[in-house]
Structure formats: C-alpha cells, structure tokens
Amino acid sequence: MKDSNEPIIHIENIHKRFGRIHALRGVSLQIQKGEVLVIVGPSGSGKSTLLRCINQLEECTSGKIIVDGIHLDSAQNINAVRQEIGMVFQSFNLFAHLTVMDNLLLAQKVVRRRKKEEAREIALNLLKKVGIPEKANAYPYHLSGGQQQRVAIARALAMNPRIMLFDEPTSALDPEMIKEVLDVMLALAKEGMTMVVVSHEMGFARAATNRIIFMDEGQIIEEAPPDILFTSPKHERTKLFLSKVLQL
Amino acid sequence: MFTRREPKIDEQELTHIPGAEPQNRLDAWWWLVALVAGVIVLLSLLQPDPYWRIILFVRDGIAITVVITVVSFILMLFVGMLGGLGRISKNRVVNLIATLYVELVRGVPLLVQLIWWYFAFPVVIQQIGKWTHISALANFHANAILLAIFGFVFCYGAYMSEIFRAGIQSIPKGQMEAARSLGMSYFQAMRHIVLPQAIRVILPPVGNEFIALLKDSSLVSAVALADLTRRGREFMSANFNPIEVWTMIALLYLVMTLFAARIVNYIERRTKFER
C-alpha cells in the first residue's frame with residue numbers, strides 16, 4: 001500500500017547535460033496527487049527538458065525521479081510507467097496517417113489490449129468531452145490547430161493516465177484557438193487530474209493552480225501562488241522575465 | 001442575331017486543382033507502353049523471320065529475367081528494412097554492422113560482386129568443407145539462379161537500406177515521441193507509426209530501384225545464366241543478325257521497364273497522402 005501523503009511525482013536533484021550544455025542543474029520538486037503545477041521561464045531555461053525527464057523521453061544524467069512509487073532509473077519496463085503519464089506536445093504530434101478515431105484507438109489496442117468496442121466507446125466519449133465528436137473520421141490535416149490539440153489531449157486521456165504533462169500546449173496555436181484548448185485543460189484540472197503544465201498562459205495559471213514555478217538556466221528560481229508571482233516576484237530574474245512577457 | 005445564353009459553369013474547370021487529378025484515371029503515358037508493345041507485335045507479324053523466331057528463342061530468358069528481378073526485389077525489401085533500422089540504431093554494434101555492410105557493398109561494382117558470388121563463393125565454401133571435413137560443404141554446388149538472386153539482394157539491399165534510413169528519418173521525431181509517450185515500445189511505434197508513413201516517402205525511390213534492378217539483371221548473362229540478354233547473344237551467334245536481335249532485345253527490355261514504371265507511378269498516386 002502506498003502512503004497517501006506520498007507525492008505522486010518526486011524529483012530529487014536531477015541534472016541533465018546535452019554534450020556541453022547543462023540543461024538542468026539540480027532540480028528538486030514534489031508534486032502531490034491531484035495538483036496542477038505550472039512552470040514558466042524563458043526559452044532554454046530547461047522547463048521542457050524537466051517535463052521530458054518525467055516520462056523519460058530524456059534520460060536525466062544524474063538524480064532521482066520517482067513516479068507513483070516507481071524509481072525511473074530502476075524501472076525494468078519504462079513503457080509501463082509511460083502508460084500512466086499522458087503527454088501533450090507543442091506541435092500536437094497526431095499520427096498523420098491515421099484518422100482521429102484511429103489516433104485514439106491505436107495505443108488502447110496495442111498497449112492496453114482493450115477490445116475494439118470498449119476502446120471505441122472510450123474514444124467517442126473523450127471526443128465528446130473535448131467537443132469534436134463529429135471529427136472522428138477526419139484526418140489530422142483537415143483539423144485546425146486547436147482541434148488537433150484537443151484530439152491530442154483526448155488521445156493521451158484514452159490511456160487513463162494518472163498524470164498529464166503539457167509542453168507549451170498553446171504556443172503553436174492562433175490566438176482564437178487558445179481558449180478552446182485551455183478550457184479543456186481547465187475542466188481536466190477541476191476533475192482532479194494531476195497536471196504539470198509548461199505554459200505562459202497567465203489566465204490559465206490563475207484559474208487552475210495555486211502553485212507556479214519560475215525556472216531559469218536549468219534551476220528553479222522561485223515558487224509561489226500565481227497572484228504573488230505575477231504581481232510581486234522576489235527575484236530580479238523573475239521580474240525581468242515577467243516584464244517581457246506581461247507587456248505583450 | 002444575339003441570343004442570350006445562361007452562363008455555363010464548367011464544373012471540371014472550377015474544381016481543377018493542380019496535382020489533384022482524379023486518381024483512377026489511366027495515366028497518359030500508358031500509350032508509350034502500348035506503342036512499344038505494338039512495335040514488337042508489328043515486327044513479329046510483318047517479319048516472322050527473324051523477329052518471331054527471336055521471341056520464341058528468348059522467351060525462357062524473359063522468364064528468368066522476370067523471376068530473378070521479382071524474387072530479388074521482394075527479398076531486398078526485407079534486407080533494406082533491416083539495414084535501414086540498423087543504420088539508425090543507437091546500439092553501436094548493430095549500427096556498425098549495418099554501416100559497414102552498406103559502405104562495403106556500395107564500393108564494389110555490381111558485376112564484380114555477381115562474379116564473386118558465382119565463381120569465388122562456392123570455392124570458399126568447398127575449402128571450408130575440406131578443412132572442417134564436412135562433406136556437405138566440400139561438395140557444395142549452388143544453384144546459379146539462387147546465387148544470382150543472392151548477389152542482387154546483397155548488393156541492392158545496401159542501397160535499399162539507405163533509402164529506408166532516409167525515409168524513416170524524414171518522419172518528424174515527434175511522431176515517435178508521441179507513440180512512446182503513450183506507452184508503445186520502440187518496435188510497436190516503428191511498426192504502427194513510423195514505417196507506415198515512411199513507406200509512402202520511399203515509394204518513388206524504391207520503384208526506381210525496381211526498374212534499375214530489372215535492367216541490371218542483364219549482368220547475370222556474364223555468369224552463365226540464360227537470361228534475356230544471354231539468350232539474345234546465343235541466338236545471334238547462331239544466326240549472325242546483330243541488328244534484328246539486339247533491336248528486339250532492347251524493345252523487350254523497354255516494354256518491361258516502361259510497364260513497371262507505369263505500375264510504380266500508379267501505386268505512388270494511390271498511396272499519396274497529405275500531412
């Protein structure tokens with residue numbers, strides 16, 4: 001039995017080097033079940049790398065990551081851990097040769113080994129949830145960016161993940177499409193999904209979380225509730241970054 | 001007298017988007033295939049001697065050429081896929097073997113390779129058999145067609161590996177990452193996500209390889225295989241009519257390659273997709 005107070009994600013002093021680039025310099029972080037954590041920071045600050053380390057798309061150079069009680073470095077089958085972690089990418093990454101429905105069905109079939117009817121039902125319900133059941137038989141290139149991203153969220157949810165990671169989910173979207181994606185994410189947060197979100201959407205951060213992290217140069221500089229971080233940050237670097245972001 | 005006419009809108013005109021022609025329409029270049037085939041038929045009808053005699057004489061050669069080409073091609077697809085996966089493998093040993101294979105094979109002329117497999121390889125096996133006292137190996141005599149097919153698969157497989165490698169690498173990395181993040185294994189992601197998309201990319205160069213192979217199959221005439229080219233040479237040495245023989249042989253190759261090119265083109269258009 002797992003201790004209910006144990007954080008679902010436990011990160012301890014992780015470092016990541018890409019050759020000579022030191023992308024993460026000793027990051028420690030704990031995320032509780034049902035919590036929404038938003039990470040902001042300038043490009044190249046290591047926030048995406050941190051996210052990708054959590055589901056092992058990147059292997060960290062040193063340090064410890066425990067997800068749901070499983071040490072990622074000792075995990076015999078990394079795929080088993082990945083099944084519990086959904087990921088949404090900046091560039092959607094829908095499978096280009098498959099219809100929306102097949103995008104949602106494939107991993108359910110080959111990874112979860114669900115029966116076809118069961119998988120279909122789950123997929124249809126999720127498409128309804130993200131508001132585009134009528135696009136089930138469309139191909140990704142027929143969808144707008146916002147619709148593609150909502151399908152990508154549904155695809156990740158179809159695996160019944162315990163954690164959802166969002167890597168700048170709205171950065172590649174036209175402004176009028178950002179809201180439809182954020183609404184889906186907000187609904188998910190309200191349902192109690194554990195979420196780690198890299199995003200500069202201040203409105204989303206305010207509505208979805210009371211914990212926001214500012215990263216720069218591979219380190220966590222500051223952690224605070226959004227209202228405090230956005231209005232009266234403690235560190236100079238945070239102030240400088242926010243002054244650039246907020247004046248837009 | 002001026003009569004007012006309803007403006008007539010040509011629907012075809014409106015919906016015509018370049019590159020989006022109906023896919024089932026017969027390709028216009030089929031007429032060239034028909035033309036060459038027509039010339040062959042006409043020559044055989046108008047002058048059965050020597051043209052029809054040539055065709056009768058070389059038809060078993062045509063069969064050998066087609067069999068070698070088709071069988072080699074199917075096998076080299078598998079070699080190419082394995083080689084391509086090996087070339088992008090992060091496993092150093094696998095990567096080294098695949099790279100070594102590709103680099104070595106590409107550096108030796110195909111004709112020399114075919115001759116080596118035909119004349120040197122059996123002797124190598126026999127020597128090994130003598131040293132190890134295994135009589136099955138010492139008395140090794142391989143079928144000429146099998147050796148030729150092996151030679152083609154070995155050589156073309158290397159070029160095919162490079163085509164597969166390039167095709168796989170042309171698929172955005174995000175596709176693999178998305179598949180992995182859903183819990184798929186590397187091979188599941190390859191099989192269900194990357195390869196189906198890569199196939200469409202590599203179809204044109206793979207089709208070209210097929211046509212190149214069809215022509216290169218004439219090289220087996222150098223290793224005592226009675227393919228189309230060799231049968232042509234045999235007919236000529238008996239009848240001394242080089243113009244008629246080699247014109248007919250050229251036409252027969254031409255009609256086969258043109259036909260293959262149309263088939264490749266047809267498959268290409270059927271599998272095209274947008275991203």
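In chain A, 65% of the contacts with a separation of 6 or more are between residues 24 or more positions apart. Keep in mind as you explore that this is a predicted model.

**Chain A as a whole**
- The secondary structure of chain A consists of 9 helices and 10 strands.
- Its radius of gyration is 18 Å, close to the 18 Å that the globule rule gives for 248 residues, so chain A is as compact as a globular protein of that length.
- If you follow the C-alpha trace of chain A along its principal axes, it spans about 55 × 45 × 40 Å.
- Of the 248 residues in chain A, 57% are buried.
- The accessible surface of this chain is about 11300 Å², and carbon and sulfur atoms hold 48% of it.

**Helix H6 of chain A**
- Helix H6 covers residues 175-190 of chain A, which gives it 16 residues.
- From first C-alpha to last, H6 of chain A reaches 23 Å, close to the 22 Å expected at 1.5 Å a residue.
- Buried residues of this helix include A:Met177, A:Ile178, A:Val181, A:Leu182 and A:Val184. Also among them are A:Met185, A:Leu186, A:Leu188 and A:Ala189.
- Just after H6 of chain A comes A:Gly192, with a positive phi of about 95°.

**A buried methionine in chain B**
- For B:Met190, look in helix H9 (residues 186-216) of chain B.
- B:Met190 counts as buried because its relative accessibility is 4%, under the 20% cut-off.
- Leaving aside neighbours within four places in sequence, B:Met190 is in contact with B:Leu85, B:Ile88, B:Ile168, B:Met176, B:Leu195 and B:Pro196.
- B:Ala179 lies 11 residues from B:Met190 in sequence, and their C-alpha atoms are 9.0 Å apart in space.

Terms used. Residues are numbered from 1 along each chain as its sequence is written. Chains are lettered from A and ligands numbered from 1 in the order in which they are written. This is a predicted model: local features need pLDDT of at least 70, side-chain atom pairs count only at pLDDT 80 or more; totals for chains, interfaces and linings use all residues. Side-chain values use heavy atoms; hydrogens and water are left out. Helices (H or I, at least four residues) and strands (E, at least two) are DSSP runs, numbered from the N terminus. The radius of gyration is taken over C-alpha atoms; the globule rule is 2.2 Å times the number of residues to the power 0.38. Buried means under 20% relative accessible area, exposed over 50%, partly exposed in between (1.4 Å probe, protein chains only). Contact means heavy atoms within 4.5 Å. Accessible areas come from the Shrake-Rupley method with a 1.4 Å probe; for residues, only the protein chains shown count as cover. The expected span of a helix is 1.5 Å times one less than its number of residues.
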